[in-house]
Amino acid sequence: MIVASVALALAGCTSAEQDPSDSPPALPPLDSDIEKPQLALADHVLGTYFASDVAMRPTVCIATTDGREEVALEQGWERELMARYPALAPFSRCALLDGVWQDAETGEPAMVFSLHTFTCATANSCSGFGQYMFGETSSPASRYKLDWGGKRWNFTRDDRLLGAQ
């Protein structure tokens with residue numbers, strides 16, 4: 001049920017009505033810094049998830065991968081994202097134990113958003129992949145294209161299966 005809800009939340013770009021007290025603190029947008037496209041993508045992916053109306057959220061972390069395993073984002077980036085999303089836990093709280101993502105403190109299943117294969121062809125055009133893992137389940141990876149619009153990064157999501165024509 002949670003996985004289906006997350007998939008629906010990631011597919012849409014709309015947000016549920018929120019009480020002002022539920023909104024993240026008013027901080028400068030992360031998509032307006034041309035020097036940090038990967039951080040802007042992390043903010044975009046998490047913003048879509050946290051704007052959804054998932055009732056019972058698991059522990060949520062975000063990571064990148066070094067090609068072998070998930071690793072924490074730069075410490076400053078993780079702090080910036082946690083300031084915007086109070087329900088986001090530090091990556092150290094999510095542990096892969098026996099092939100299952102768990103909250104290292106409670107032992108409950110955890111959800112890890114992972115960004116990978118991030119590259120920039122130019123200073124104004126980047127791309128990367130994002131997916132989530134929940135317990136022992138992984139979502140298909142979505143490709144994100146980022147284009148600098150002069151004042152902010154614009155995101156295009158492509159959910160086609162890799163290798164499919």
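## Disulfides

A disulfide is a pair of cysteine sulfur atoms within 2.5 Å. By this criterion the structure, which is a predicted model, holds 2 disulfides. Counted along the chain, the bonded cysteines follow the pattern 1-2, 3-4.

Cys-61 and Cys-94 form a disulfide with sulfur atoms 2.0 Å apart, and this link is right-handed, with 80° about the S-S bond. The pair connects distant parts of the chain, since Cys-61 lies in strand E1 and Cys-94 in strand E3, 33 residues apart. Cys-61 is buried, with a relative accessible area of 0%, and Cys-94 counts as buried at 5%.

Cys-120 is joined to Cys-126, again with an S to S distance of 2.0 Å. The link of Cys-120 and Cys-126 is right-handed, with 95° about the S-S bond. Cys-120 is partly exposed, at 41% relative accessible area, whereas Cys-126 is buried, at 2%.

## The hairpin of E3 and E4

Strand E3 (residues 94–97) pairs with strand E4 (residues 100–103) in the antiparallel sense over 4 bridges. Cys-94 stands opposite Asp-103 in E4. The two strands form a hairpin with 2 residues between them, and Asp-98 in the turn has a positive phi of about 55°.

Of the 15 residues of H2, 13 are buried, so the helix is largely enclosed by the rest of the structure.

Note on methods
Residues numbered from 1 in each chain as written. Predicted model: local features only at pLDDT ≥ 70, side-chain atom pairs only at ≥ 80, totals over all residues. Heavy atoms only, no water. Pairing = 2+ DSSP bridges. Buried < 20%, exposed > 50% of the residue type's maximum accessible area, 1.4 Å probe, protein only.
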